[in-house]
Amino acid sequence: MTRTGGITAEIDEALGIQPVPPTACLRLGVLASGRGSNLQALLDSRAGGQFPAQVVAVASNRPNAPALERARRAGVPAEAFPQTRYASLADRDAAVQAFLEAHGVELVVLAGYDRVLAPGMLAAYRNRLINIHPSLLPAFAGTLQAQAAAFEHGVKVSGCTVHFVDEQLDGGPIILQRAVALDEADTAESFAARILAEEHQALPDAIRLIAEGRLRLVGRRCRILPPSRL
Ligand code: GRF
């Protein structure tokens, strides 16, 4: 029986992505609906060097999303796919998928994308599609204002989660979480801002794990293998 990093290989579900050789990089397609600060964190990670992934395409459902502008400023192809242009969600997502495929995207990153994906898109990118959510899932799943909801609920700790996307909204296997303790002086806004700062660490960290081939799915548990000693 072979073992990889202490995990029995036979029960690992292979992820769709192979480790990226040190000289190559994982091609990311980012879907974003708004401000795009998480997209910016990925662009900045790449610009800083030593990051084994690169944003090669950005798509939005909103033509005025600042995220599109951030992408264009960085020289990354960026396109809007407003729902009004398509007869159905499936048609829209088929167009998004064709755009991502044309740019050779290997991993799709939902970074503030405020629409659910069509079943065909979910199937096409199974285990190659991740999302960042501003709470410690499964708490405050399924809400676009999870930081405010956590604050209003009176939590003492919240944070962010990077997870694989499947048919269950905010319910796929968890890759990484970062916790943020509430400060007595926090307002809803300051709490959300500190959570966002953690998101900007968690998202590149999760992508690095995928690019380096360090994740294994065991049931719905996402195991993290130690770094390669090569
Ligand atoms: C983030 O809080 C993210 O967790 C959530 O939407 C927000 C997007 O922010 N899914 P930005 O557009 O990346 O600045």
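What share of the contacts in the protein chain between residues at least 6 apart in sequence join residues at least 24 apart? The share comes to 67%, where two residues are in contact if their C-beta atoms, placed from the backbone, lie within 7 Å. The model is a predicted one, in which local features need pLDDT of at least 70 and side-chain atom pairs count only at pLDDT 80 or more, while totals for chains, interfaces and linings use all residues. Numbering runs from 1 along each chain as its sequence is written.

The secondary structure of the protein chain consists of 6 helices and 11 strands, taken as DSSP runs numbered from the N terminus (helices H or I, at least four residues; strands E, at least two). Of its 230 residues, 37% are buried; here buried stands for 20 or more other C-beta atoms within 10 Å of a residue's own, exposed for 12 or fewer, and partly exposed for values in between, with C-beta atoms placed from the backbone.

Ile 174 counts as partly exposed because it has 18 C-beta neighbours inside 10 Å. Leaving aside residues up to four places away in sequence, Ile 174 touches Leu 137, Thr 161, His 163 and Cys 222. Its C-alpha atom lies 9.8 Å from that of Leu 136, 38 residues apart along the chain.

Strands β10 (residues 215–218) and β11 (residues 221–224) run antiparallel and are joined by 4 bridges, pairing being assigned if DSSP finds at least two bridges between two strands. Leu 215 has Ile 224 in β11 as its bridge partner. The hairpin of β10 and β11 has 2 residues between the strands, and Gly 219 takes a positive phi near 65° there.
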